[in-house]
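This note is meant for a colleague who is new to the structure shown below. The points are numbered and may be read beside the model.

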Amino acid sequence: MPMARDIFISYSRKNKDFALQLVKALKAKGHEVWIDLDEIPPSAEWWAEIKRGIDEAQLFVVILTPESGSSPI
C-alpha cells in the first residue's frame, strides 16, 4: 500500500503537462504529492485508489480548467 501524501492533485488528463510541472515544483519544496500517474499500480482498481489517495491526503488541489470542469469524473 502506498504511503500517505501531503497533497492530492486532481486534474484532467488533457492538462497532464501542467499537472506534472506543479507536482515537480511541490516536490522540490519537500511535499509528498499524490498524482494518479505515480500512485496507481497497473492492476489496481483505479477508483478505489483515487478515493484512498483523497482520504489520506492533507490537502486536495484541483487544477480547475474547462477540461476538468467538463469531466464526468
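1. Trp 46 is partly exposed, as its relative accessibility is 44%; the class lies between buried, under 20% relative accessible area, and exposed, over 50% (1.4 Å probe, protein chains only). Trp 47 is likewise partly exposed, at 37%.

2. The model is a predicted one, in which local features need pLDDT of at least 70 and side-chain atom pairs count only at pLDDT 80 or more, while totals for chains, interfaces and linings use all residues. Residues are numbered from 1 along each chain as its sequence is written, and side-chain values use heavy atoms, with hydrogens and water left out.

3. Three aromatic pairs are counted. Rings of Phe, Tyr and Trp (its six-membered ring) pair if their centres lie within 6.5 Å; planes under 30 degrees apart count as stacked, over 60 as edge-to-face and the rest as tilted. The rings of Phe 8 and Phe 60 are stacked, because their centres are 5.2 Å apart and their planes stand at 5 degrees. This pair links distant parts of the chain, with Phe 8 in strand β1 and Phe 60 in strand β3, 52 residues apart. Strands (E, at least two residues) and helices (H or I, at least four) are DSSP runs, numbered from the N terminus.

4. Are the two partners buried or exposed? Phe 8 is buried, with a relative accessible area of 4%, whereas Phe 60 is partly exposed at 45%. The rings of Trp 46 and Trp 47 form an edge-to-face pair, because their centres are 5.5 Å apart and their planes stand at 75 degrees. One aromatic cluster is made up of Phe 8, Trp 34 and Phe 60.

5. The largest pocket holds about 420 Å³ of space. A pocket is an open set of points on a 1 Å grid over the protein atoms alone, where a 1.4 Å probe fits, with protein on both sides within 12 Å along at least five of seven lines; lining residues have an atom within 4 Å of a point. The volume is the space filled by probe spheres set on the points, which are joined across faces, edges and corners.

6. The lining of the largest pocket comprises 19 residues, and Ser 10, Tyr 11, Ile 50, Ser 71 and Ile 73 lie nearest the centre. Two or more lining residues come from each of β1 (7-10), α3 (46-56), β3 (59-62) and α4 (66-69). Helix α3 gives the most, with four residues.
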